[in-house]
Amino acid sequence: MVYADITYASGAAEMLRLATTRPDLASLSTAQALYGLPTAGTCRNADGSSSACQNYILEITNRSSLAHELDRPEIFISGALHGDERIGPSTALALSRWLIERYDTDPWMRRLVDQRIILVMPMTNAIGVEQRRRDELGIDPNRDFPYDQVPSACMQTVTARSINELYRARLLQLVVTFHGGMQAIAYNWGSFNYYQSKPHRSPDDVSQRQVAEQMSKFAGTGGSRTRNTKYLFKTMNDLVYPVHGGMEDWGYAASWDRAFVRTCEPRTYGGYEAARTTYSDAAVRAFTVLIETSDLKAPTADTYGAEAGVYNINSDADGHVPRNVRLSLAAIDLVRPHVAAWREGEATAAAAGSEVGAPVSAGGCVPLQWIVWGAIQVEAATPVCRRDATAAWIECGDTQSGPGVWGGDSTPLTPHTFRGCARVPVGAVGGAYQVAVRAKVDTAWSRRPAEAFAPLMDPQSHLALSRKEGYTADNHGHKVSGHSSWLSAALGVMVAGGSTTPPPSPSPSPAPSPSPAPTAHPIQPRIDLFAFSSDEARLPSSALALALAPDGRSLSLRVSLGRLAAATCVLVTIAASADGSSFGTRVLALWLVPAGVPATSVPPPECVGDGAFSTAELPLPVFPSASLSLSGGFSGWGWRFVRFGNDGATFAIVVISFGAACAVAWGLLRAVSDPHGSKRGLQRLPDAPEYPEPADSPGSQAGGYPPTSEPTTAAAHRDTGLEAEGPRQMKPLW
Ligand SMILES: [Zn+2]
């Protein structure tokens, strides 16, 4: 497919096509529908009719798992504030198509769509794109933001209001705003208040400069036909010029550099509520980077390039659009690190629980390879080992440093690959083990720049602070959680010399074990709540849905009654630790319907706890959509155990949480067979669970512990309809 200039009509039609062909990955709405904004002007539609111009917003993410990951990073791509600058709209649409249409075949795009929320407005200034004009009905949208601007001259345009509402509603970490007329990647500052004798650098200069450099590097020139040079990357005040009311400085600083932010009092469209330009501490602190795509605002058609040029840099198919699609992909990737590790010589996707490769001896080497995405400098990468998910990760290999995918000569097309050895500890008992790689990356982003900068503050952007351990931010349930180290998915290996069946339960003491350094973060900063069952006849996976409340501290389990074949006993197990480095398994509560009792009936009170839990915490009736609410976090838990005469499968939820913030968790619902037969009543367990590890049970699927892929997730939640709920979902119009 050859890229071309778009019109309002063709752009809208293409967005609609993408949203309707892959509703699992994309949804389309408008700023008018989402935020009640007015419309600016009249636009022509694809069918020849005319109607009020709509400011379209396309949201790209894996929607089936979205409700369960509250800190999935959010990125905004703006195609055009100035409608006569034509490369941006074509690029934003091409990027959307690239992400969505390659989801099934391109592992990189699949990961980005699975692990990011990418909001795209190809025609941010809709009437401007329609009329091929810079302004919106006579007003320049890129002077229309309340930063270094007078109250009467901001939020006059629908374009600026659309962007304002998007920032207010979401928690944007990185924003790319396309323009044209020169070639530049330009970042803060770009206002008169940090101009001339004042430093042009911002407190976030380290991350801004590094990210801009990688965007420039991967973008290249777009091939010889464009006559481009490589993008220069500097501050706007160095490279472009200062403006009053620009989007970039506003988008970066309106939540914290408040001396230059004033509430807008526009007179257009009947005014704009003052509360809409007062900002929370979290809403407006995105790295908002200006791209000047091309010397000509409207380059000739033969320089746009084609899809075949995106990964074929400098080929005949390269051009303005492929170069800026690459630039956008660099930005989207760099928002969050991801360690991809595999056993050398094996498929990259080997998961714990499905051990691959020859068994190794205790003390022997498991040869590993890994790539660190979303990172420039890998400061320390170390193989780690553990007995199983109930044990702490311990370092079991040499620490290395080197380039991430974006460092040195590495690129996403030829990524730098590390090689190392995970050595299962000498003395390890035979059986299944887990290995992984933990990496510390780009910690300099959260430090102040070495050169002069202003104001004299620590870095303020979510992007920079997301590399700082312990940083958290929240805007309407959209979250950022900072980490300085990142763990790969766990890989299963078999250690020779013992029984081939997994051994009995792990360490006798689940108490926090000799803890590794608190900065090391052994849990992936994401939430993978899913459900599966080994007893599909009695409790099918499709009947179960796990969800984490927006506060990240409450877990709910829903069971779809109609999918239950028979009354079922459900065992709930919680594992937690204070620092995330280790956790022990404790049985917190049992929630069940005794065998032989109709599933619709309310279970007898003794089924749901030992008195320590109120019915508010364990709401009844539990069917048809029960919610087991463990509110208040897991920091102060005790444990309770109730078991009823069950003659079949029990099911455990395992939740790992840490700290008061409890920003990260993953859960597992899995089947265990009950060794206690028909024992009834309240029963306290010793620290070590009496029941064997779930994988021992006959008939259980060796399904991974923890899960490293999410194949069951989507299926389980799709059936319950759970994914359609919650504040994270943009309600699509189409
Ligand atoms: Zn412009």
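Where is the place of Asn475? Asn475 sits in strand 18, residues 472–475. Helices (H or I, at least four residues) and strands (E, at least two) are DSSP runs, numbered from the N terminus.

Before going further, a word on the model. This is a predicted model, in which local features need pLDDT of at least 70 and side-chain atom pairs count only at pLDDT 80 or more, while totals for chains, interfaces and linings use all residues. Residues are numbered from 1 along each chain as its sequence is written, and side-chain values use heavy atoms, with hydrogens and water left out.

**Overall picture**

The protein has 12 helices and 29 strands. Of its 734 residues, 62% are buried; buried means under 20% relative accessible area, exposed over 50%, and partly exposed in between (1.4 Å probe, protein chains only). Counting contacts between residues at least 6 apart in sequence, 79% join residues at least 24 apart. Contact here means heavy atoms within 4.5 Å.

Asn475 and Leu172 are 303 residues apart in sequence, and their C-alpha atoms are 9.6 Å apart in space. Leaving aside neighbours within four places in sequence, Asn475 is in contact with Tyr167, Arg168, Ala169, Arg170, Leu171, Ser280, Ala282 and Ala283. Asn475 counts as buried because its relative accessibility is 5%.

**The zinc site**

The zinc ion is coordinated by His82 (ND1), Glu85 (OE), Glu85 (OE) and His179 (ND1), at 2.0 to 2.6 Å. Donors are N, O and S atoms within 2.8 Å of the metal (3.2 Å for Na, K and Ca); water is not among the atoms, so sites may look incomplete. Along the chain, the donors follow the spacing H-x2-E-x93-H. His82 lies in the loop between strand 5 (74–78) and helix 3 (87–101) and His179 in strand 7 (residues 172–179), so this pair ties together parts that are 97 residues apart in sequence. His82 counts as buried at 3% relative accessibility, and His179 is buried with a relative accessible area of 3%.

What makes the arrangement around the zinc ion irregular? The 4 donor atoms subtend angles of 55 to 152°, and that makes it irregular. Four donors count as tetrahedral if all angles lie between 85 and 135 degrees; four count as square planar and six as octahedral if opposite donors are over 155 degrees apart and all others between 65 and 115; anything else is irregular.

**Helices**

Helix 7 (residues 205–219) and helix 10 (residues 320–334) pack at an angle of about 145°, with their axes 8 Å apart. Axes are lines fitted to C-alpha atoms, for helices over the stretch in contact, and angles run from 0 to 180 degrees between N-to-C directions. From helix 7, Val211, Gln214, Met215, Phe218 and Ala219 meet Arg323, Arg326, Leu327, Ala330, Ala331 and Leu334 of helix 10. The residues of this contact divide into 8 nonpolar, 1 polar and 2 charged. Ala, Val, Leu, Ile, Met, Phe, Trp, Tyr, Cys and Pro count as nonpolar, Asp, Glu, Lys and Arg as charged, and the others, Gly among them, as polar.

Helix 4 (residues 107–115) is mostly covered, with 7 of its 9 residues buried. Among them are Trp108, Met109 and Arg111.

**Backbone spots to look at**

| Residue(s) | Feature | Value |
|---|---|---|
| Asn188 and Trp189 | cis peptide bond | omega about 10° |
| Ala454 to Pro455 | cis peptide bond | omega near -10° |
| Met155 | positive phi, not a glycine | phi about 60° |
| Tyr269 | positive phi, not a glycine | phi near 50° |

Trp189 is found in the loop between strand 8 (183–187) and helix 7, and Pro455 in the loop between strand 17 (431–441) and helix 11 (462–465).

Met155 lies in the loop between helix 5 (126–131) and helix 6 (158–169), and counts as buried at 0% relative accessibility. Not counting residues up to four places away in sequence, Met155 touches residues including Asp144, Phe145, Asn164, Cys264 and Tyr272. The C-alpha atoms of Met155 and Thr263 are separated by 9.6 Å, at 108 residues apart along the chain. Tyr269, found in the loop between helix 9 (247–253) and strand 10 (287–293), is partly exposed, with a relative accessible area of 31%.
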